[in-house]
Amino acid sequence: MIAELGHFALILAFVMALVQSVLPMLGAVKRDARLMAIARPVSIHMFLMVGLSFAALTYSYLVSDFSVANVVQNSFSQKPLIYKISGVWGNHEGSVLLWVLILVFFGALVGAFGSNLPAPLRAATLAVQAWVVSGFLLFILATSNPFERQLPAPIEGNGLNPILQDIGLAIHPPLLYIGYVGFSITFSFAVAALILGRLDAAWARWVRPWTLLAWVFLTLGISMGSYWAYYELGWGGWWFWDPVENASLMPWLSGTALLHSALVMEKRDALKVWTVLLAIITFSLSMLGTFLVRSGVLTSVHAFATDPQRGVFILVLLCLFIGGSLSLFAWRAPLLKQGGIFAPISREGALVFNNLFLTAATASVFVGTLYPLALDAFDGTKISVGAPFFNLTFGPLMVPLLLVIPFGQSMAWKRGDLLAVAQRLYAAMALALVLALVMLWSWGADNILAALGVGLAVWVMAGSVSELWSRGKFSSVGPLKGIRRIVGLPGSAWGTAVAHFGVGVTVLGIVSATAFQTEVVLTMKPGQSVDVGSYQVTFDGLSPATGPNYIEDIGRFTVRKAGVVAGTMTPSKRVYEASRMPTTEAGIMTSGVSQLYLALGEIHQDGSLDIRAYFKPLVLLIWLGCVVMAIGGGLSIMDRRLRVGAPTPSRRRQTSSSGTAGTSTSGAGTSTGAGS
Amino acid sequence: MTRKQRRLITIGSVGAVLVLAVGLILAALNDQIVFFQGPTDIVEKDLPLGQRMRLGGLVEEGSLERFEDSRVAFKVTDGANTVAVTYQGILPDLFREGQGVIAEGELIGARAFNADTILAKHDENYMPKEVAETLKKQGVWKGNE
């Protein structure tokens with residue numbers, strides 16, 4: 001009964017999406033207020049229907065309704081509650097439903113809070129959003145119905161893949177999907193603007209917070225997924241350049257580019273055509289990522305049960321949306337007027353530089369991910385493109401980008417003064433250079449890349465700090481006023497500095513964990529010790545244990561540093577009852593931001609066992625840096641100048657109809673400290 | 001600076017980055033890609049020693065041997081031919097005799113392969129696409145489709 005209710009709600013949502021696709025768009029083109037007025041209530045009701053459907057599926061999981069095929073295949077009555085909930089999206093059907101739920105949620109957000117958008121733009125945006133919703137709802141209803149019954153109902157389910165029985169599943173997919181799907185709003189805005197043929201700085205002002213929101217979640221989602229793979233897979237790696245990872249990295253890279261180009265468009269009315277193109281590309285890459293992950297066309301270490309037949313359906317959807325939006329772009333883009341000239345050495349120039357390198361990097365990841373597919377289709381040759389390819393292409397493209405970050409964020413708009421900026425950054429420059437040289441001197445020429453990497457990371461971090469510092473103008477206003485100046489800086493200035501600081505932190509973590517990690521693989525007998533980095537690890541013995549739905553062998557290890565006990569570690573090997581599938585649970589000991597990492601291998605008859613041990617200095621910085629980046633993004637969203645028509649309600653009424661809400665505050669952001 | 005000069009600078013720098021990116025990608029595609037081979041390919045194609053490649057197939061029943069310090073040896077088969085593989089390290093949880101496997105490494109002799117990576121899967125129902133096709137070619141595929 002409940003399952004059927006969910007199914008019907010989904011069909012109802014699909015019908016609403018069809019209505020939403022046509023009528024508001026007609027209204028927007030014909031300027032018919034009644035047709036446009038449909039968009040808002042329908043967007044909210046569509047969300048309620050899909051929400052109801054999702055709730056119905058969750059309920060089926062909670063009560064272990066084994067007459068629903070999806071529950072049978074992915075659940076188990078003894079499973080802990082949290083995994084019953086997260087198991088809803090731990091499979092193909094459920095995860096696509098979550099995807100659509102977030103899609104309609106964003107539509108409902110625009111419907112509910114978009115009152116300051118001009119009516120035609122809002123109606124057209126919601127209509128375009130509904131095109132995507134209809135496509136993916138049809139996909140669910142036609143090929144991946146999560147409510148299919150299985151009769152007679154079995155007594156017990158098959159259980160969830162043990163790898164997925166982790167808190168990571170509860171957090172990572174929702175975050176990642178909010179990021180992926182969040183870009184759909186930007187896409188809909190872009191397509192709507194192309195159809196209506198109107199694009200101004202105010203448009204960029206509406207688009208930027210949505211892009212930022214999606215970007216923040218995508219950043220958190222990717223880093224969370226990386227950390228999950230790191231502790232769950234037991235290989236000690238945190239990024240494998242695997243197709244599934246690349247599928248999430250591509251929209252992140254182009255989304256980052258979009259964030260920066262929307263800034264130029266908002267403040268200077270330049271790069272319009274490019275920003276629209278990036279908005280289309282970013283969501284296209286999100287959909288491509290969904291296709292790659294869900295269709296199983298690529299061999300991936302993260303691939304779960306996949307189905308090629310469904311892949312064809314998504315591929316058709318993909319061609320329709322990407323092909324359609326790009327054709328529309330080619331047809332309508334020439335109508336958009338370019339404005340705002342600027343010198344090459346300027347904030348805009350630096351942002352163009354950023355966009356160039358980020359898109360080039362996106363392209364390199366794109367080629368590396370899809371080339372094996374193309375070659376296979378072309379002549380059947382099977383190849384794999386792994387880390388060496390990306391280290392050689394992606395790496396070099398990131399270096400110039402990192403070098404320019406501190407310059408870019410200190411540069412004035414329109415025409416910058418490179419010398420003045422360099423003078424303000426001399427302290428950061430000196431610090432980075434001295435550190436790099438000291439490291440080169442102490443580690444020797446073999447580690448020249450590591451030393452340069454550390455220098456680069458410090459340069460980016462120190463550059464961000466010095467940018468904030470110099471905006472305080474301590475020398476002219478004194479310390480007290482200076483601090484007040486810094487605290488009072490607008491959210492976007494703080495956001496920029498904090499996010500860029502986070503980039504430096506991540507780079508530092510990557511360089512350190514890659515260049516200076518220690519790896520030991522050996523067979524240990526009880527009582528034996530081994531040195532890992534500066535730690536001595538002693539194997540005390542093996543003991544069996546029973547968990548809620550698994551049995552395990554726990555290895556007990558004592559860790560000493562310079563003879564003093566620093567802690568104990570208990571990595572284990574588990575076998576889950578439902579599936580008889582073995583998994584390895586790594587033992588991790590954190591000290592500061594460095595980690596000692598132990599994974600068990602084969603257990604031998606005589607009580608000895610194979611272990612793999614790593615010491616990873618500063619490894620936590622990789623993910624902490626991403627969190628700092630996301631905080632930066634959040635600070636930027638809070639900037640009140642981003643809120644359309646923020647000043648007063650009466651002014652909002654004035655400006656929303658004329659579409660020039662941006663003008664009242666547009667001057668404020670342009671006078672950064674660089675001008676002085 | 002005139003408008004024309006600005007445009008030239010913009011186009012020039014776009015071109016430069018484009019050339020850099022394309023150059024890097026082509027160079028990397030030239031020597032950083034790894035070809036996938038089945039045991040029959042390795043026997044028949046006379047591939048050069050020392051070249052990185054991926055070997056895929058089934059782990060032959062009863063072929064797994066374990067030695068000191070996590071060194072292992074096993075055979076990879078596609079039903080028609082077998083290749084002996086050596087590896088030092090910890091095998092993935094789902095590595096089993098009779099199951100599909102992908103080993104990355106280099107040829108060290110006729111029908112002898114030294115792997116430095118053994119690919120693991122998250123899901124025991126999941127068979128790497130390449131392995132499935134190798135097996136289909138030799139007619140030993142037992143799965144659906």
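Author: Let's start with a pair: A:Thr590 stands opposite A:Gln595 in β10(A). Before going further, note that this is a predicted model, where local features need pLDDT of at least 70, side-chain atom pairs count only at pLDDT 80 or more, and totals for chains, interfaces and linings use all residues. Residues are numbered from 1 along each chain as its sequence is written, while chains are lettered from A and ligands numbered from 1 in the order in which they are written.

Strand β9(A) is joined to β10(A), residues 594–603, by five bridges, and the two run antiparallel. Strands here are DSSP runs of E with at least two residues, helices are runs of H or I with at least four, and both are numbered from the N terminus. Two strands pair if DSSP finds at least two bridges between them. The pair belongs to an open sheet of four strands in chain A, ordered β2-β11-β10-β9 with antiparallel pairing. Its edge strands are β2 (518–524) and β9 (587–591) of chain A, each pairing on one side only. From one strand to the next, the twist averages 15°. As background, side chains in a regular strand alternate between the two faces of the sheet.

Staying in chain A, A:Met461 sits in helix α17 (residues 448–471). A:Met461 is buried, with 25 other C-beta atoms within 10 Å; the cut-off for buried is 20 or more such atoms, 12 or fewer is exposed, anything in between is partly exposed, and the C-beta atoms are placed from the backbone. Between A:Met461 and A:Val593 there are 132 residues in sequence and 17 Å in space, C-alpha to C-alpha.

Now a helix pair. The axes of α14(A), residues 387–410, and α20(A), residues 491–515, come within 11 Å and cross at roughly 165°. That makes α14(A) roughly antiparallel to α20(A). For the angle words, under 35 degrees is roughly parallel, over 145 roughly antiparallel, 65 to 115 roughly perpendicular, and the rest oblique. The axes are lines fitted to C-alpha atoms, for helices over the stretch in contact, with angles from 0 to 180 degrees between N-to-C directions. The crossing of α14(A) and α20(A) is left-handed, meaning the near helix is turned anticlockwise from the far one by less than a right angle (clockwise would be right-handed).

The peptide bond from A:Leu151 to A:Pro152 is cis, with omega near -5°, and A:Pro152 lies in the loop between α7 (119–143) and α8 (167–196) of chain A. A:Arg31 isn't a glycine, yet has a positive phi of about 55°. A:Arg31 is in the loop between α1 (2–30) and α2 (33–37) of chain A, and counts as exposed with 10 C-beta neighbours inside 10 Å. Chain B has a case too: B:Arg111, also not a glycine, shows a positive phi of about 60°. B:Arg111 is in the loop between β6 and β7 (112–119) of chain B, and its 16 C-beta neighbours inside 10 Å make it partly exposed.

That brings us to chain B itself, with three helices and seven strands running α-β-α-β-β-β-β-β-β-α from the N terminus. Of its 145 residues, 34% count as buried. Strand β2(B), residues 52–59, has seven of its eight residues buried, so β2(B) is largely enclosed by the rest of the structure. What does β2(B) pair with in the antiparallel sense over seven bridges? That's β6(B), residues 100–109, where B:Arg54 has B:Glu104 as its bridge partner. B:Arg54 is also the bridge partner of B:Phe36. Three bridges join β1(B), residues 33–37, to β2(B), and these two run parallel. Two bridges join β2(B) to β4(B), residues 71–77, running antiparallel, with B:Leu58 opposite B:Thr77. β1(B), α2(B) (residues 39–45) and β2(B) form a right-handed β-α-β unit, where right-handed means that, with the strands pointing away from the viewer, the path from the first strand over the helix to the second runs clockwise.

On confidence, the model scores ipTM 0.82 and pTM 0.89. Chain B averages a pLDDT of 81, and 87% of its residues score at least 70; pLDDT is the predictor's per-residue confidence, from 0 to 100.
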